[in-house]
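Work through the following exercises with the sequence and the model side by side.

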Amino acid sequence: FGNIVSHPAVIVDANSVDDIIAVMKDPAKYPAPVRAVGSNHSTAPCGVAEGGTLVRMKMNKILNISANTLTVEAGAVHLDMAKALEAQKLQFYVNTEIGSLSAGSAACAGTKDASFSGEYGQVGSYVIGAKMVLPNGDLLEVTEAYQPDLMQQVRCSYGMFGIVYEVTYSVKPLTPMHVHHKTFSIIDFLS
C-alpha cells in the first residue's frame, strides 16, 4: 500500500547464491539487520532493514518441473510458476490469488488457505525442499524426506534461519474446473 518505508544503509541485488554468501560473510560492509525481499508484496514490515542491508532477490528462474515437483529460485513469483505448471498440465496444491508471492517467502511464511477439503492450509505446507544461506554464510539444504521436523520449522521461520535461495514444491495434475455465476434474490436464496 506504500505505507511501509525502509532506510537501509546498503541495498544488494542478489543475482546468485554467491551474492548472498558475500553479504552474510561481511557484516562490516553489509550491516545488520539483513532482510531479503522478493516482490515486496507483504503488508507487514518484514522487509524493513533500518540502517541495515536489504537484499533484493533477483534470482527468479524456474529450474525444474517434474511430474510431481517444481523447483525454482526464491525470487520466482507464483503467477509465473502457475503458468509454467499449467503448460505442463500441473498445478499447485494451494493456488493463491497473490500472484506476486515469491517462492522464498512462501517457503518460510504464512499464506492463504487451501480451497479443497483434505488439503493442508498453507502454500508453504507443500514446500518439500529449501536451500538457504545461513547467517554465517554457510549453505543449508533442508528436505521433507530427510529432515521433516526441520522442514516444518523452516516453513514458519519467517526468514529467521537465513535467506532462502531455492525452493521445491510438491505439485499435482491440473484439475479442470468450470465456474459459473448465478444471481438469486434474497427470498430465493433463503429458500
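Helices (H or I, at least four residues) and strands (E, at least two) are DSSP runs, numbered from the N terminus. This is a predicted model, in which local features need pLDDT of at least 70 and side-chain atom pairs count only at pLDDT 80 or more, while totals for chains, interfaces and linings use all residues. Residues are numbered from 1 along each chain as its sequence is written, and side-chain values use heavy atoms, with hydrogens and water left out.

**Exercise 1. How many salt bridges does a search of the whole structure find, and what do the remaining pairs join?**

Step 1. The search finds three salt bridges, and the pair of Glu166 and Lys131 has been treated above.

Step 2. Arg56 and Asp13 meet through their side chains at 2.7 Å, N to O. Since Arg56 lies in strand β3 (residues 53-57) and Asp13 in strand β1 (residues 10-14), the bridge ties together parts that are 43 residues apart in sequence. Arg56 is partly exposed at 35% relative accessible area, and Asp13 is likewise partly exposed, at 29%.

Step 3. Arg155 and Glu144 meet through their side chains at 2.3 Å, N to O. Arg155 lies in helix α4 (residues 148-155) and Glu144 in the loop between β8 (139-143) and α4, so this bridge ties together parts that are eleven residues apart in sequence. Arg155 counts as buried at 15% relative accessibility, whereas Glu144 counts as partly exposed at 34%.

**Exercise 2. Classify the ring pair of Phe92 and Tyr169, and explain what it ties together.**

Step 1. Recall the criteria: rings of Phe, Tyr and Trp (its six-membered ring) pair if their centres lie within 6.5 Å, and planes under 30 degrees apart count as stacked, over 60 as edge-to-face and the rest as tilted. The structure holds three aromatic pairs.

Step 2. Apply them: the ring centres of Phe92 and Tyr169 are 5.0 Å apart and the planes stand at 65°, so the pair is edge-to-face.

Step 3. Locate the partners: Phe92 lies in strand β6 (residues 90-92) and Tyr169 in strand β9 (residues 163-173), so the pair ties together parts that are 77 residues apart in sequence. Phe92 counts as buried at 4% relative accessibility, and Tyr169 counts as buried at 0%.

**Exercise 3. Which members of the largest nonpolar core touch the most other members?**

Step 1. A nonpolar core is a set of buried Ala, Val, Leu, Ile, Met, Phe, Trp, Tyr and Cys residues joined through side-chain atoms within 4.5 Å.

Step 2. Among the 40 residues of the largest core, those touching the most other members are Ile20, Met57, Leu70, Val72, Met81, Val167 and Tyr169. Strand β9 gives the most to this core, with six residues.

Step 3. Take one member in detail: apart from its neighbours within four places in sequence, Ile20 is in contact with Ala14, Met57, Met59, Val133, Ile163 and Tyr165.

**Exercise 4. Summarise the overall architecture of the protein.**

Step 1. Count the elements: the protein has five helices and nine strands, which run β-α-β-β-β-β-α-β-α-β-β-α-β-α from the N terminus on.

Step 2. Consider cover and contacts: of the 191 residues, 37% count as buried, and among contacts between residues at least 6 apart in sequence, 59% join residues at least 24 apart.

Notes
Buried < 20%, exposed > 50% of the residue type's maximum accessible area, 1.4 Å probe, protein only. Salt bridge = Lys/Arg side-chain N within 4 Å of Asp/Glu carboxyl O. Contact = heavy atoms within 4.5 Å.
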